[in-house]
Amino acid sequence: MAVQRETLEADVLIVGAGPAGLACALHLSNLIRKHNESGGKPELSTENIYVLEKGREIGAHQLSGAVMDPRGLAELIPDYAKTAPLDTPVKDDAAYFFTAKSAWKFPITPPPLRNHGNYIVSLSKLTKWLGGLVEKTGVNLFTGFAGASLIFEGEGIAGVISDDKGLDKNGKPKSNYTPGYELRAKVTVLAEGPRGSLTKQLVSTCKLDGLNPQVYSIGVKELWEVPEEQIAPGFVAHTMGWPVPASMYGGGWLYGMQGNRVSVGLVIGLEYADPLFDPHEAFQKYKTHPFIRRVLEGGKLLRYGAKTIPAGGWYSMPRPYVSGGLIIGDSASFLDAQKLKGIHMAIKSGMMAAETILEALVKGDASAKTLAGFQERVNASWAKQQLWSVRNFHQGFRNGLVPGLIHAAFQQISGGRGLVDPMRTHAGHEAYAKLDGRPTPAKRFQGDGKLTFDRLTDVYHSGTRHDDDEPCHLLVADTSICAGRCAEEYGNPCQYFCPAAVYEMAEERGERKLKINAANCVHCKTCDVADPYQIITWVPPEGGGGPNYEGM
Ligand SMILES: Cc1cc2nc3c(=O)[nH]c(=O)nc-3n(C[C@H](O)[C@H](O)[C@H](O)COP(=O)(O)OP(=O)(O)OC[C@H]3O[C@@H](n4cnc5c(N)ncnc54)[C@H](O)[C@@H]3O)c2cc1C
């Protein structure tokens, strides 16, 4: 039976309330106000801007480092420093090379890792504050609502269908069933962050891929409270080396925050060869390094989380406009992988989208031709300059750390060109080497329960909550591959790359079967990226489900 959906019409629909989506909403509201005040026609209303966020509140799904370059925020809100929840300015920064027991400090911090003038922030708190400002302008912000599918029309899109609520695990309506809305808009903006589920649909349907496929890293992070004086607020350390093998891309961080809190995390490029590599375990080991242990010892784990990061940069940027639609922020690859910084560019991309949208609303024309103005604005912006200067950075590391550093040095002195330009890359899941009979580990990492933790303990600290009786949001196209080909060829890497213990090969009536613990999912999207056969599709669960990254 066809589902009867209520239709709502808006001028602009923004999917995702991260820094990109909120900056777009706020800047557009400001532009509309100025347009109306100057007697511009047609008169526009901020009430016709809708923002959808799948988290139960703004900030709930925001996980970042985060050292923020304030450039984007300063353009959006010139007097931001008066009210923004900036945790602490960076006061001291350092870079280290780790071996298993030692930390070698670089005599001078390499320029890309210098952070003076930047702020350590909780992105969750920052977006909550931004969300408050957006609401005050009259924009309709709907939290706990996910964009479930796109409405394709003509050569582009005309809105989204939001998530159905109140379905049981077999997809049957429960007593509280409410079908998703048909949300139609003149312009739909996809600001879903890394590996957006709607963005993926749009890029593949409209063939918007950039020169290179997008490549991702996974960042695994914990927030700690430690005894006084173990780290100064404003101290920023970035590390290379142990425990990340030299053949792989990755590194760690340690940031000192107010209130004796510490942000600690590890980033791993999702393009490694060993299908049994476990990023969560690598992060737990990272904390046992004497340099990190000294800071965390005697402290308490407050929060845990994980999330993918788009690392491909300029050459992986999809065409960010179609008729009726724009893609911004991480979804459109606005992230400088060399500096691991995307917040300021997400904001800038949102602002440029807002300027393009205002033009489209005034002209009454949201065709691809008008929305191509977004690409022109991007090309003329500092965001392009920054992305262009590191356009080959990530690709330089495809053969490991040492060649990567050599490429990076050449790129640094040649404005990003380096030895080969453009450097091509492959999707990360193509890098797995077959096991060829190598056994899978008999036991999984347990942790000591004080400094290091198993995945379930960490998931508990992510505040993740989903209704157990709802349809599984991790769609596996062919589970027979899991017990057969995948087990034999790769040893079921989903059991290792997932940082939330969602995937498990379990014995059921003498048969090994894939068991999906969907309620654990922290929405990092690693499975959608790293599955070797690309048969896992991450779709949003019922809105409001997922982690609670308060303070992260
Ligand atoms: C571990 C880690 C460390 C990082 N460190 C730094 C750093 O130190 N400095 C820095 O500048 N950047 C850092 N970044 C990158 C930075 O966090 C991102 O570039 C930035 O958050 C991108 O903003 P965004 O708005 O595009 O996406 P996001 O911040 O990911 O926001 C997207 C929002 O959309 C929502 N959403 C997604 N899909 C849907 C849907 N279908 N329906 C409804 N809602 C949806 C999500 O719940 C989320 O709230 C880091 C990232 C990670 C993961």
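## Ligand contacts and helix packing

An oxygen atom of the ligand is 3.0 Å from a side-chain N or O atom of Q62. This is a predicted model, in which local features need pLDDT of at least 70, side-chain atom pairs count only at pLDDT 80 or more, and totals for chains, interfaces and linings use all residues. Residues are numbered from 1 along each chain as its sequence is written, and side-chain values use heavy atoms, with hydrogens and water left out.

For K307 the distance is 2.6 Å, and for K54 it is 3.1 Å. A polar contact here is a pair of N or O atoms within 3.5 Å; within protein, one must be able to donate a hydrogen and the other to accept it, and residues adjacent in sequence count only if both atoms are side-chain atoms. The ligand has 40 residues around it, of which E53, S64, V67, K307 and D330 come nearest. A residue is counted as near when one of its heavy atoms lies within 4 Å.

Helix packing comes next. Helices (H or I, at least four residues) and strands (E, at least two) are DSSP runs numbered from the N terminus. Axes are lines fitted to C-alpha atoms, for helices over the stretch in contact, and angles between N-to-C directions run from 0 to 180 degrees.

| Helix pair | Angle between axes | Axis distance |
|---|---|---|
| α1 and α4 | roughly 20 degrees | within 10 Å |
| α1 and α8 | about 40 degrees | 7 Å |
| α8 and α11 | about 140 degrees | 10 Å |

Helix α1 covers residues 19–37 and helix α4 residues 123–136. Their crossing angle makes α1 roughly parallel to α4; angles under 35 degrees count as roughly parallel, over 145 as roughly antiparallel, 65 to 115 as roughly perpendicular and the rest as oblique. The crossing of α1 with α4 is left-handed, a term for a near helix turned anticlockwise from the far one by less than a right angle, with clockwise being right-handed. P19, L22, A25 and L26 of α1 make the contact with L123, T127, L130, G131, L133 and V134 of α4, contact meaning heavy atoms within 4.5 Å. This contact of α1 with α4 has 8 nonpolar, 2 polar and no charged residues. Ala, Val, Leu, Ile, Met, Phe, Trp, Tyr, Cys and Pro count as nonpolar, Asp, Glu, Lys and Arg as charged, and the others, Gly among them, as polar.

The α1 and α8 crossing is right-handed. Residues of α1 in this contact include P19, A20, C24 and L31, and those of α8 include I343, G350, E355 and V362. The contact of α1 with α8 divides into 16 nonpolar, 4 polar and 1 charged residues.

Helix α8 spans residues 343–363 and α11 residues 382–389. These two are oblique to each other and cross in a left-handed sense. H344, M345, K348 and M352 of α8 meet W382, A383, Q386 and L387 of α11. By class, there are 5 nonpolar, 2 polar and 1 charged residues in the contact of α8 with α11.

Some loops have backbone features to note. K41 and P42 are joined by a cis peptide bond, with omega about -5 degrees, and P42 sits in the loop between α1 and β2 (49–53). Another cis peptide bond joins W242 and P243, with omega about 5 degrees; P243 is in the loop between β15 (235–241) and β16 (250–256). K207, a residue other than glycine, has a positive phi near 50 degrees and is found in the loop between α5 (197–205) and β14 (216–225).
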